[in-house]
Each structure stands twice: as C-alpha cells, then as structure tokens.
Amino acid sequence: MSEPSATDSQNNTIVPAESKVVKMSGVQLRVSLGKDVVIRIPGVEQSYRGKIVGYDPYDYLIASVRMPSKVRKSLSMGGQIIVKYILQGTVYGFKTHVQNAITSPTSLIFFDYPSVIEKVDLRRDTRTSCSIQSTLQTEKTEHECLIVNISLTGCQVSVQAGTRDPISNITTDDALVVFVNLGAEGTLKLPIAVRNIKRKKGLLILGTMFLDLNDKEEERIKQYLDRMGRLTR
C-alpha cells in the first residue's frame, strides 16, 4: 500500500484512526480460498463483502463479490481498490489495482497481488455499555441480537442460538454484518469480524471489531458515544 496510510479526503480509509499500523512485504500475505474480505473503492462510500476464490502467488488474486453494475463496469477498465481481511484477530489491508471485473459465469474481480500490506494493531479503547436491539446478518440468515457495548473499533453482540441454529457454527475471524440503530445518529450497516466467542445458556456473546468504517460512519459513532457520555455522567 502506498501513502496515504490512514485516511484522505475521499474516504480512502485503510485503518481506523485509533490504531497502529505495521507495514509488511506483500510476500507475507496469508489468504486462503474462501477467505472473507471487504472491498472499498476510493471515493465510493459503500464497502462490499466478498470471498477469495482463486489466486496465483505474487501475481494476482480473484474475489467473488457482488457490486452494482455501474461500479463493476468502471472497475472492468481498471482502477484502485482497498482490500481488508482479518486473520487471528488482526486486521490486514492493502491497496491494489484491478485487472478486470466480470459477471459471467459469475461475479468476479481480478486484482494485483500486493507489494505491501498493512497489519493493524488496534489500540485498547473504552467501550460504552448500551442496550441496542439490532440485527446480525450472515451470508444466508438474519438473527435478532442485542449490542451490549460499543466503541469506535467494535462492539459486543449477544444473540440467541440453539445448537441447531446455523449461527452456532460461527468461528473466530468470520465476517458478518450488524445493523446498529444509534437513535438520533441513524442506523448503520457495518461489516464486523468476530474476535472472540463465549457461549452461555443458549446465548452467543460475540466480541467483534468493525472491519471497515468510512468517515461518516466513524463520526456518527463518535457522536453517539459523546451523547451517551453526557447522559450517563
């Protein structure tokens, strides 16, 4: 990834502001088939979830990801993207250039193997207790859940899950989406990654981190935390 490494004026965010970044050679990239990734296009507010479906080491990677036709068409002519993924509770990210984007036989993006990647060491932050009724979304299912604390870098989610519920098979590093209703600050749809799991009397307690926040989303969470701080002093 070339500079800038944190943010710029086009929501070109690679890592959260409250984090430390270690740059590494691209040869240390560790991805496997089926790995969940989040893809952001500089200047586009929305991020997109996908999976790695192929790669040729040190040459290119292939991700299966659904995007609006307009966005995909622009990428078919090349362009820059930011790719993020989580491995063993740590976020990795890199900037790369798209070689091609196709829709047949399925929706795929081909992009260059990175020369540099960034390893994100999130700083410990203070989490604010809350009780926010939310929805947790996997690839195939949705589940009612409760967010019991939140910070700028993540949240803790409680979801009811029996042994036969698909979500009970969730594992560390899995990527999900949570809908967070912040009241006056609106509802956010945020990709999260699971860092730790506790099982308790039919409940899953998931410690998660936000896998990708743009400037507006981060500002809304800040406003919510400030408001809660004023009301709970």
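**Pro42.** I started with Pro42, which is partly exposed at a relative accessible area of 23% (buried means under 20%, exposed over 50%, partly exposed in between, with a 1.4 Å probe and protein chains only). I found Pro42 in the loop between strand 2 (36-40) and strand 3 (strands are DSSP runs of E, at least two residues, numbered from the N terminus). I also checked Gly79, 37 residues from Pro42 along the chain: their C-alpha atoms are separated by 9.3 Å.

**A note on the model.** This is a predicted model, where local features need pLDDT of at least 70, side-chain atom pairs count only at pLDDT 80 or more, and totals for chains, interfaces and linings use all residues. Residues are numbered from 1 along each chain as its sequence is written, and side-chain values use heavy atoms, leaving out hydrogens and water.

**Aromatic pairs.** I searched the whole structure and got three aromatic pairs (rings of Phe, Tyr and Trp, the latter by its six-membered ring, with centres within 6.5 Å; planes under 30 degrees apart are stacked, over 60 edge-to-face, the rest tilted). One of them is Tyr58 with Tyr113, edge-to-face at 5.6 Å centre to centre and 70° between the planes. Tyr58 sits in the loop between strand 3 (47-56) and strand 4 (60-65), and Tyr113 in the loop between strand 7 (108-112) and strand 8 (116-122), so this pair ties together parts 55 residues apart in sequence. Tyr58 is exposed at 59%, whereas Tyr113 is buried at 13%.

**Tyr85 and Tyr92.** I then looked at this pair, which is stacked because the ring centres are 5.4 Å apart and the planes are at 15°. Tyr85 is buried, with a relative accessible area of 1%, and Tyr92 counts as buried at 12%.

Key: Helix = DSSP H or I, 4+ residues; strand = E, 2+ residues; numbered from the N terminus.
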